[in-house]
Amino acid sequence: MPYSFTQIEKDKTSLLRSVFTFLVLFYFASFLFIYWVSINLIFLQQDDLRSAYHSHSLNIFEILVTLLIAFAVGALHWLFSTNALVDKIVALLKARDLDSANADHAKFRNILDEVSVATGGIAVRGVVIPTMGMNAFAVADFESTPVIGVTQGLLMRLTRSQLEAVVAHEAAHVAQGDCLLATVTSSLFGVFNTVLQGFGQTVSGAFLSSDSGGGRKGAHRDVGNYFQLIRFFPSAFIGIVILIFVYFFIAFATMVSYLFRMFISREREFRADAVAVRLTRDPLSLAEALYIMAHRWRGAGAPWEVLDTIFIMNPVYGTLDEEEGWGADLFATHPPVKKRIDILLNIAHGEEDNLKEVMKKFNEQFKDQSLLSPNLEYKWFLLNKDQWAGPLTLLEIAQLNWFTPQTTVKRFGSEIMVAACDDKTLADLLRTKGITDVQKPYCPRCQRALDQTLYEGINILICVGCRGSLLNEDQIGLVLYRHNVTFAPRIVKMAKVIETEQKLSGGALSIWPCPSDIHCPKCRNIKLPMGRRLFNVYYHVEIDKCGSCGAVWFDRDELEILQCLSESAQNA
Amino acid sequence: MVILIVLSVAVIFFLVWAMSTYNGLVSLRENVKNGWSQIDVQLKRRHDLIPNLVETAKGYMGHEKDTLERVIKARQVAVDATNLKDKIQAENMLTSTLRSLMAVAENYPNLKADQHMIKLQEELTSTENRIAFARQYYNDEVNRLNVAVQTFPDAVVAGMFGFKTVDFFQLDDAAERNVPQVKF
């Protein structure tokens with residue numbers, strides 16, 4: 001176990017050499033392959049067809065030149081990626097240096113020094129990310145001092161021994177050398193990820209132009225044009241082939257980055273846990289810290305997804321981490337939290353009930369976050385069925401199990417109600433929870449995006465094409481409650497007709513739904529179509545209601561008729 | 001002819017192994033020395049904190065002259081101690097005087113609320129932790145060295161070059177494990 005400073009320095013040099021060699025070899029192999037294939041497939045096509053086809057084998061000169069080019073490209077890539085890497089990442093995460101006047105920061109500095117003594121004296125720099133999420137990370141590169149960072153939320157809420165356990169875990173990563181490996185390889189190969197995305201977009205943009213007029217026809221037209229071009233200029237074909245090759249090269253590079261992640265796999269996290277226990281001799285504190293972090297918001301929000309590995313706990317929820325099995329072992333970055341805690345409890349001869357006690361005390365202690373940081377927290381009111389819940393802070397909202405992108409929310413101090421996915425901060429929270437399609441719903445009749453409109457003081461979704469509207473269950477009650485809109489004569493006429501029908505039927509009509517022909521635009525539950533039914537026994541307006549999320553789709557006029565009926569019933 | 005080649009290969013192999021083992025033992029020994037000096041560094045840090053602590057406490061608990069004087073005397077003894085046994089004894093005495101000082105300070109809520117005192121207390125806690133970790137590191141490294149020096153193949157090389165086992169940093173006398181008497 002390389003604890004000592006000199007050992008770490010020695011390991012750095014060997015790591016540097018081996019990773020750089022790998023990079024150069026990677027470029028060399030790829031360039032050689034591309035070159036050989038191009039020579040054989042493309043340029044030989046121009047040869048005189050009468051002579052027998054022979055594959056061009058590479059002579060030593062070509063190999064050396066390719067090696068030289070690969071070395072140059074590799075060196076440039078290396079310098080670009082690893083230069084001042086730690087500072088780049090620290091800036092990206094918006095982390096700040098420690099302020100000695102701040103008591104919490106002074107405590108953190110002391111803890112860093114204590115753990116440093118326990119490891120035999122590794123030099124470490126501390127930073128704090130000013131977020132209320134709870135997470136910790138470590139980064140290192142070849143020249144700078146390694147950096148261990150925690151979030152403000154973690155610093156304020158964990159006890160001293162729990163903090164020490166977390167810092168010891170990060171220091172273990174630094175001392176073992178896999179912090180350096182993880183940081184450098186994420187940077188080296190992370191760039192391919194972004195290039196690949198950009199590339200894909202450009203290519204698909206060129207071939208599948210999505211102009212609103214042409215649609216599919218437009219795409220065919222473009223591709224057809226391109227083939228016309230090739231007929232007249234055969235060399236255009238070379239361009240397209242090279243393009244395909246570069247694309248595959250970058251895709252291959254991304255695969256390699258995933259392979260490296262495999263290296264930086266779950267085993268290293270387990271080992272870091274073990275070394276942390278060895279350093280602090282306190283497995284229970286680490287178990288408590290992990291338990292608390294698992295149950296609270298971990299969002300420090302890594303802007304590049306490849307940076308996930310540097311955190312003690314994956315900042316994104318619901319990923320492959322919690323799975324078992326060889327597939328997850330290959331590609332997941334962190335082990336399942338439960339397993340980590342179980343192992344630690346085993347060492348500590350502790351019970352999970354102790355942890356539950358700790359969590360309960362923690363929740364009681366930090367129930368009202370505004371006491372601790374009044375200027376860092378916003379508050380919201382959330383509509384849960386018919387009741388307004390709140391004011392709740394971001395952390396508390398993250399805990400709720402009924403919080404969806406379509407929950408109606410209201411900022412503390414404002415009367416404007418929006419869906420949670422439209423509030424910027426809550427949308428970010430949803431994204432850290434792994435909910436990716438925080439999107440707008442589409443009109444089930446016209447297939448165009450629904451627009452938000454203020455109707456009766458409430459934000460509802462309306463289709464400008466067919467005048468249909470989509471409301472949550474709770475919003476209907478609010479709309480019916482307000483009487484600001486005057487109705488067109490035809491609405492009043494239709495309402496009168498329905499009123500007569502209601503009286504005649506005497507409420508004995510069945511309101512059981514029959515399957516509608518549309519699917520819920522809100523929850524997009526494809527398995528379950530909406531149910532076509534009457535609104536209720538009193539108001540015989542036909543609506544479509546979703547069986548899984550309760551959203552109601554009103555076709556044109558249906559909502560106004562309902563309001564009209566409700567008002568006349570109230571006036572009577 | 002063949003036997004010569006085999007023999008020379010074996011000798012080369014032995015030399016390479018002996019060299020790597022020797023280097024390993026050297027780095028272990030240096031780690032132990034490093035650990036020892038670390039303990040000294042942290043002990044000195046504690047010695048430097050104490051006058052500050054006593055001054056702050058004096059402002060609030062001037063009547064408790066006894067306790068404060070004991071702390072100062074214990075610190076002086078610890079600073080002057082030279083050999084290992086005296087050092088360990090002196091440090092233990094110092095710890096117990098500090099403990100009684102903190103216990104008495106519980107009766108002075110103004111002292112506890114004083115900003116300076118809060119900071120000092122944090123520094124003291126940190127120093128105690130650091131001393132504990134330094135001792136832990138030292139003992140861990142001593143453990144590794146002792147194991148390397150005594151286990152079979154490496155023991156041969158250790159014997160050849162004079163590597164010896166080292167004692168752990170612990171109390172020598174079992175009786176001293178009881179709460180030490182503060183005697184001057």
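**Close-up views of chain A**

**View 1. The hairpin of β9(A) and β10(A).** L454(A) has N459(A) as its bridge partner in β10(A). This is a predicted model, in which local features need pLDDT of at least 70 and side-chain atom pairs count only at pLDDT 80 or more, while totals for chains, interfaces and linings use all residues; side-chain values use heavy atoms, with hydrogens and water left out. Residues are numbered from 1 along each chain as its sequence is written, and chains are lettered from A and ligands numbered from 1 in the order in which they are written. Strand β9 (residues 451-455) of chain A and strand β10 (residues 458-462) of chain A run antiparallel and are joined by five bridges. Two strands pair if DSSP finds at least two bridges between them. Helices (H or I, at least four residues) and strands (E, at least two) are DSSP runs, numbered from the N terminus. Two residues lie between the strands of the hairpin, where E456(A) takes a positive phi near 55°.

View 2. Strand β1 (residues 96-97) of chain A runs antiparallel to β2(A), with two bridges joining them. D97(A) is paired there with V127(A). Strand β4 (residues 147-151) of chain A pairs with β2(A) in the parallel sense over five bridges, and G149(A) in β4(A) stands opposite V127(A).

**View 3. Helix α10 (residues 266-280) of chain A against helix α13 (residues 337-348) of chain A.** The two helices pack at an angle of about 30°, with axes 11 Å apart. Axes are lines fitted to C-alpha atoms, for helices over the stretch in contact, and angles run from 0 to 180 degrees between N-to-C directions. α10(A) and α13(A) are therefore roughly parallel (under 35 degrees; over 145 is roughly antiparallel, 65 to 115 roughly perpendicular and the rest oblique). Residues of α10(A) in contact (heavy atoms within 4.5 Å) with α13(A) include F270(A) and V277(A). F270(A) and V277(A) are also among the buried residues of α10(A). After α10(A) comes R281(A), with a positive phi near 55°.

**View 4. Helix α6 (residues 160-176) of chain A.** Because 16 of its 17 residues are buried, α6(A) is largely enclosed by the rest of the structure. G177(A), which follows α6(A), has a positive phi near 95°.

Conventions. The expected span of a helix is 1.5 Å times one less than its number of residues. Buried means under 20% relative accessible area, exposed over 50%, partly exposed in between (1.4 Å probe, protein chains only).
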